[in-house]
Amino acid sequence: MADTLAATLTVTPTEEGLELTLTVENVGDDAVDCSFADGQRAEFVAVDADGAEAWRWSDDRGFAMALGNETLAPGETVAYDAVWASPPAGEYEVTGSLAATDAAASATMTVVVPGGR
Amino acid sequence: MVYRDGKTRRDVLKATGAAVATTGLAGMASASPGTVEVNVGYSADSGKRAAKAEADEVVREFNFDAVTIRVNENAIEGLSRRPDVRYVEKNGRMHALAQRTPWGIDRTDSEVAHANGSTGAGADVAILDTGIDSDHPDLRANLGSGRAFVKARGKYQYDWDDDNDHGTHCAGTAGADDDTQGVVGVSTEATLHAVKVLDKRGSGSFSDIAAGVEYVADRGWDVGSMSLGASAGSAALRDACQYAVDRGVLLVAAAGNSGPCTDCVGYPAAYPECVAVSSSASDDSLSSFSSTGPEVDIIAPGTDVYSTVPGGSYATFSGTSMATPHVAGAAGQLMADGYTASEARSRLTNTAEDLGLASNEQGAGLLDTAAALGYTSTDD
């Protein structure tokens with residue numbers, strides 16, 4: 001099932017910091033049902049050049065505690081946003097992943113935050 | 001269901017409900033929040049243009065002077081006031097028309113409290129959540145004020161309107177009114193305040209949530225219902241909870257949906273300032289998704305809970321989120337009766353019904369609204 005989901009990650013610098021968007025597309029021929037344990041639909045994590053976790057989007061957030069379900073029809077996409085406010089200068093591997101309990105999709109990209117912001 | 005001639009929508013819906021009460025549930029919307037399908041009759045092309053301009057989707061254009069559109073329900077009132085619009089009527093397919101008593105209301109003997117005259121009138125219950133639909137027929141009578149720490153995204157009348165579904169669902173469980181339609185809450189006349197701290201997707205920063213808790217305390221409200229959580233805590237949120245409890249607020253929070261698991265109660269529920277609520281199913285078992293741990297104070301219905309969602313609709317959700325407002329509604333009932341927050345908290349747990357589950361699963365036991373209020377009931 002997970003094979004039919006394709007994820008892309010885009011990172012856009014804004015005044016606040018970095019805006020991250022995880023886009024998940026159902027590239028298969030059948031609808032994909034995604035179940036969630038709570039209001040968290042996606043996770044975003046940044047790992048620094050030393051391999052240490054520098055930031056995790058969910059660390060300073062709370063979520064609605066209802067089970068959820070989203071169905072992606074063939075060809076349908078869904079996008080989840082996060083903001084990494086004031087990231088320290090450095091090079092990071094940033095990963096966005098779907099937080100579903102029964103489907104997987106993730107995308108990673110290298111992000112360089114310039115110094116002297 | 002025409003919204004004209006001084007009739008409120010509630011009146012019209014009530015009348016319709018009475019007329020078809022024998023058919024019971026007429027069917028539910030597959031609703032996207034806040035959007036409803038309406039027929040608009042117009043008397044001039046300008047009315048037709050206005051309707052189409054408001055429409056998310058034009059479903060049908062009749063050969064006579066009417067169109068069927070899908071539109072945000074907040075646009076309906078404005079349209080119906082136009083002189084070039086003859087009527088705006090809801091397509092009759094998305095409302096539950098006879099009042100149902102959700103199983104959790106019955107199981108907690110909240111309906112016994114209602115029968116004894118307890119309504120929660122005078123209590124202020126804040127729903128810290130995704131907002132509350134400002135125009136739900138089952139909630140409108142009980143809505144107090146609203147405040148958004150994260151604003152609703154989309155076309156809404158208020159920035160604290162519910163752009164998810166979750167907050168409206170929780171509000172209905174805590175305090176949907178007792179009328180002839182829809183559902184009934186644990187309290188039926190407590191004032192429900194929307195404190196929007198979660199966004200359209202159902203998440204919110206701890207800073208916004210903490211600000212919401214602080215706001216509830218500063219307003220002097222009785223109960224803060226938090227159907228939200230996270231596996232890790234926040235010092236600012238903990239501070240906010242202490243601030244609120246110091247000011248006499250009773251905070252209720254969802255234990256979390258990490259189950260099956262042990263010692264996994266989320267935050268803020270795990271803070272001693274909060275009444276931590278785990279979730280039960282209608283057969284009195286622990287909900288499979290419910291987090292458990294020594295911090296659990298009480299268990300309440302959370303599997304397959306039927307309640308209000310935006311657009312005048314109803315839906316069934318599961319989660320410790322759904323258990324939490326049962327307890328918040330009962331807390332409102334107690335504080336309406338004059339109990340302080342700490343007295344109310346003690347009564348809730350002292351009168352809970354032992355389900356025979358482990359104490360880290362059920363805490364003191366199942367919420368018993370009637371017993372907490374001092375009514376004896378042999379009902380289960």
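**Where chain A meets chain B**

Across the interface of chain A and chain B the rule finds one salt bridge, a term that stands for a side-chain nitrogen of Lys or Arg within 4 Å of a carboxyl oxygen of Asp or Glu. This salt bridge pairs D199(B) with R61(A), and their closest N and O atoms are 3.6 Å apart. The model is predicted, so local features need pLDDT of at least 70 and side-chain atom pairs count only at pLDDT 80 or more, while totals for chains, interfaces and linings use all residues. Residues are numbered from 1 along each chain as its sequence is written, chains are lettered from A and ligands numbered from 1 in the order in which they are written, and side-chain values use heavy atoms, with hydrogens and water left out.

The size of an interface is often given as the accessible area lost when the parts come together. Here the area buried between chain A and chain B (the accessible area, with a 1.4 Å probe, that two parts lose on being put together, summed over both) is about 1,500 Å², and carbon and sulfur atoms give 52% of it. R61(A), M65(A) and L67(A) supply 41% of the area that chain A buries against chain B, which is more than any other three residues. Counted by contact, meaning heavy atoms within 4.5 Å, 19 residues of chain A touch 24 residues of chain B.

The two chains are also joined through strands, which are DSSP runs of E with at least two residues, just as helices are runs of H or I with at least four, numbered from the N terminus. Strand β6(A) and strand β10 (residues 228–229) of chain B run antiparallel and are joined by two bridges, at least two being what DSSP must find for strands to pair. Within β10(B), G229(B) is the bridge partner of F63(A).

Over all chains, the structure holds 15 salt bridges. One of them links the side chains of D284(B) and R107(B), at 3.0 Å from N to O. Because D284(B) lies in the loop between β12 (274–280) and β13 (296–301) of chain B, and R107(B) in helix α4 (residues 103–107) of chain B, the pair ties together parts that are 177 residues apart in sequence.

Finally, some details of the backbone deserve a look. Most residues other than glycine have a negative phi, and most peptide bonds are trans. The peptide bond from G259(B) to P260(B), however, is cis, with omega near 0 degrees, and another cis peptide bond, with omega about 10 degrees, joins Y267(B) and P268(B). P260(B) is found in the loop between β11 (250–254) and β12 of chain B, and P268(B) also has its place in the loop between β11 and β12.
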